[in-house]
Amino acid sequence: MTRISVTVDGTKYEDDVEPRLLLVHYLRDRLGLTGTPVGCDTSNCGACTVDLDGATAKSCSVLAVQADGSEVTTVQGLAVNGEWHPLQKAFHERHALQCGYCTPGMIMAARGLLRENPAPSADDVRHALEGNLCRCTGYQNIVRAVLDAAGATEPSAQEVAP
Amino acid sequence: MSERTGEREVGRSRPRKEDARLVTGQTTWTDNIGVTGLLHLAILRSPMAHARIERVDVTPALERPGVVAAFTGRDFAELASLPCAWPVTEDIVLPGHPAVAVDEVRYAGDPVAVVVARDRYTAADALEAVEVDYEPLPPVLDLEAALANDASLVHADKGTNRCFVWPLATGERYETVRERADVVLRRRYHQQRLIPNAMEPRSVVVTPLATSGEYTVYSATQIPHVLRVMLAMVTGVPEHKLRVVAPDVGGGFGSKLQVYGEEVIALDLARRLGRPVKWTESRSEGYLATHHGRGQIQDIEVAATREGRLLGLKVDLLADMGAYLMLVTPGIPILGAFMYPAIYKMDAYDFTCTGVFTTRTPTDAYRGAGRPEATYAIERIMDELAVEVGLDPVELRRRNWIGHEEFPYTSISGLTYDSGNYEAATDKALALFGYDELRAEQAKRNESGDSVRLGIGVSTYTEMCGLAPSRVLRDLRYAAGGWEAASIRMLPTGKVEVVTGTSPHGQGHETCWSQIAADVLGVPFEDVEVVHGDTRSAPQGMDTYGSRSLVVGGAAVHHAAEKVVDKARKVAAHLLEADERDLEFTDGVFSVKGSPEERRTIQEVAFETFSSHDLPDGMEPTINAEHLLDPENFSYPHGTHLCAVEIDTETGRTSIRSYVCVDDVGKVINPVIVEGQVHGGLAQGIAQALYEEAVYDDEGNLVSGTMADYLVPGAPDLPEFTTDRTETPATSNPLGVKGVGEAGTIASTPAVVNAIVDALRPLGVHDVRMPCSPGRVWEALRSAQSDRSGWEGAERS
């Protein structure tokens, strides 16, 4: 067992974990943060994508011990005071999800893209999301949603708080 | 009390009610469920396609810390066989299917032992300690060789790999019309096996209430109601002690239309151990253990006049059942049997399907289920026929399709197509696509010898949706019915619960059923809650598959809502001291004709009914209503899909330049949801054409055994689609809807392959086997070049 300290969605946790425990299982099984799902075992599908210290990461490909000292943001940490992130709104408004299983990872990966490229083309979006698989939508509405969200401002606690 | 005015809900692109919990990560997938004392199952699977089990010893696994129990196939001897509900012929060979293999494994992935441990890592580790000795047996992989007299047998005790032979011959004798034909074309097409790949892996959690012998089964399933019945029959747990819940389910595409061994095992072990248990498949495990789709060899022959008029159609199908018959395995190619004649008129149809056992993962429903296979074969050979008789492929189809004035039309296979307008859909598609301009560009580029070839592919289709009239199912020897249930509960405060027997897993029923009920009841969309997927709260249903939910389940909601209005009208008339016949009902308000101030809202009526202080004499104190709908006919969506591809002849790489589809799915409840269904269907159909195949090696190992090896397309692999609709209402249901779940998948595969072949035909290529990877296209080109007669070489590639 190894002692780790991780901040997830703004809450700090300290836990003893097996060195082999995957970050996604730590999130799901230890912290109960089941908003981040598992879709494969080969890091192809991207359903488990989270933000790890400002970069997108597939949490099935990171050990919990590697996240020691890190800050993790999951889809459950995006809304601020109940206000959805622009990507969450855009996915809803553009019907960019059907079963919704890939959606948390898709939104987190798109958020990573928009941070690096705030005004992407449709092609940029498709290529940025190539590590995230969706079986329902054919991607067209996901691309539309990400383009819609581009340029919209992320809510921040300062802006929204009274 | 809120009232409604103005815009109707049906036909509006309402953003979905379902989304809030999904975009925020607040939803409940089965694997999210954790309860105190939960034990985890792991399943040891055969690494061999076919072998005798000489010995299984689980005791070394039991010695591992944290392992609670371990079992072999013999420990499940008291369970009945896993069910097959569709024995398509009287003399079908129906082998027993144990949830865990006992003496013999019959596909790579067949379960041989189960370990139960305190957490998922411990359970998975302990599998390594289980000792199994296998005596290899010959794998059975080739569908034709499997039928030879000296073939090795998948089920030795059955004496044959031939599962069934199912014939259908209608109209004139095919041989007779063949004699008067000017043109006879025969082709062989291969429907590769596909892996459905719902994004949510399968998962099941069973919680026992030991004192009362009750069990709650949470499963990532499309069919909680069917599953409840089947689990009761297989395990002997009385049906009334079983509650099955399908929480949010992350896609199915047919793969969760199943009663799986893991569901049976989980229930049985929760019973035996008195503890809650969970099993969740890994993706790679699912590739072996979750059923596959397609897997057919299609020999198809058309007889036609030299003007291109179809006279007859003959289809000989070999269908890969895999190692066992699962819930509807044999029925899948039979659903297709009715669709080969498609939208065309002809005088004779002769179909035979032979089901064949192989030592591979069982096949069963995958999006479209028999209908994409049929559409592929007929639409491919129609293109070949167009070339043979020197017609444009659209013109050939025009000469053969059923005219819009001919509906209702009984197809040669015996289906009554109630409505349709193939001309309108095709004309719209051609205009959107710019068909003539693209043909002109193609001619120019072919002349110039451009190494990047332009190809144009056409596919029309119809399908049978809205499964299904129960009497038809009886005639097809399917064990269950095809009805659907809906009930509507008017709550005292005027809010509404719609209880449906459909079980959505991405389709948006909560939104669409709300729209339907809101319109009939005249209540706000927001005031409707749709209850589904739990046999305790939604006790009756036949679940979701086969583009049936809206056509049967949505229509049932409509009927139930009308019954509520009828009952409410009696109460309103009583309260208003008016005759029922003098009441109008608009936007949720009953008013007396000529005295609009004399009114009661339906919400007020709901409260008055709740208090029951002043109801008509003899009236039950409820305006709630239920409706069970058994459809009178299938519904028949149709459409025309057009695809333009560019193929680099030097690399074999295909890129889709444009894709246009015009689908006629009848009336539409929520256009944006319909568009989404079409997009997703197109993606899966295009994936079959270009990318996906479950590949087995000569030993029967699944080579494409992980998501890294099986090419589920990503966003860069698919084009932007242009979708549009025509609207010919279905006549068999009050909503006029036809279903849209499978349309895109059915039409897109032949549209893409027809485009590829169209691009390469001037170079001597007449077929490319799916998936049309760059390697396959390049090989086809090479064979065509090295063989002046061209297409025969390509056919062998």
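**Figure 1. Crossing of helices H17 and H18 of chain B.** In this predicted model, the axes of helix H17 (residues 671-690) of chain B and helix H18 (residues 743-760) of chain B come within 7 Å and cross at roughly 40 degrees. H17(B) and H18(B) are therefore oblique to each other, and their crossing is right-handed. From H17(B), the contact draws on B:Val678, B:His679, B:Gly680, B:Gly681, B:Leu682, B:Gln684, B:Gly685, B:Ile686, B:Gln688, B:Ala689 and B:Leu690, while H18(B) contributes B:Ala743, B:Gly744, B:Thr745, B:Ile746, B:Ala747, B:Ser748, B:Thr749, B:Val752 and B:Val753. Divided by class, the residues of this contact are 10 nonpolar and 10 polar, with no charged residue among them.

**Figure 2. The contact between chain B and chain A.** The contact takes 41 residues from chain B and 45 residues from chain A. On the side of chain B that touches chain A, the elements that give two or more residues are helix H1 (19-23), helix H7 (283-289) and H17 of chain B. The largest share of that side, 7 residues, comes from H17(B), the helix that also crosses H18(B). By class, the side of chain B that touches chain A has 19 nonpolar, 17 polar and 5 charged residues.

**Figure 3. The fold of chain A.** Chain A has 6 helices and 5 strands, which follow the pattern β-β-α-β-β-β-α-α-α-α-α when read along the sequence. The radius of gyration of chain A is 16 Å, close to the 15 Å that the globule rule gives for 162 residues, so chain A is as compact as a globular protein of that length. Taken along the principal axes, the box filled by the C-alpha atoms of chain A is roughly 45 × 45 × 25 Å. Of the 162 residues of chain A, 55% count as buried, and among the contacts in chain A with a separation of 6 or more, 60% are accounted for by residues 24 or more positions apart.

**Figure 4. Helix H1 of chain A and its surroundings.** Helix H1 (residues 23-30) of chain A is mostly covered, with 6 of its 8 residues buried. The buried residues in H1(A) are A:Leu23, A:Val24, A:His25, A:Tyr26, A:Leu27 and A:Arg28, and the buried residues of this helix pack against strand E1 (2-8) and strand E2 (11-17) of chain A. Just after H1(A), A:Gly32 takes a positive phi of about 70 degrees.

Notes. Residues are numbered from 1 along each chain as its sequence is written. Chains are lettered from A and ligands numbered from 1 in the order in which they are written. This is a predicted model: local features need pLDDT of at least 70, side-chain atom pairs count only at pLDDT 80 or more; totals for chains, interfaces and linings use all residues. Axes are lines fitted to C-alpha atoms, for helices over the stretch in contact, and angles run from 0 to 180 degrees between N-to-C directions. Helices (H or I, at least four residues) and strands (E, at least two) are DSSP runs, numbered from the N terminus. Angles under 35 degrees count as roughly parallel, over 145 as roughly antiparallel, 65 to 115 as roughly perpendicular and the rest as oblique. A crossing is left-handed if the near helix is turned anticlockwise from the far one by less than a right angle, and right-handed if clockwise. Two residues are in contact if their C-beta atoms, placed from the backbone, lie within 7 Å. Ala, Val, Leu, Ile, Met, Phe, Trp, Tyr, Cys and Pro count as nonpolar, Asp, Glu, Lys and Arg as charged, and the others, Gly among them, as polar. The radius of gyration is taken over C-alpha atoms; the globule rule is 2.2 Å times the number of residues to the power 0.38. A residue is buried if 20 or more other C-beta atoms lie within 10 Å of its own, exposed if 12 or fewer, and partly exposed in between; C-beta atoms are placed from the backbone.
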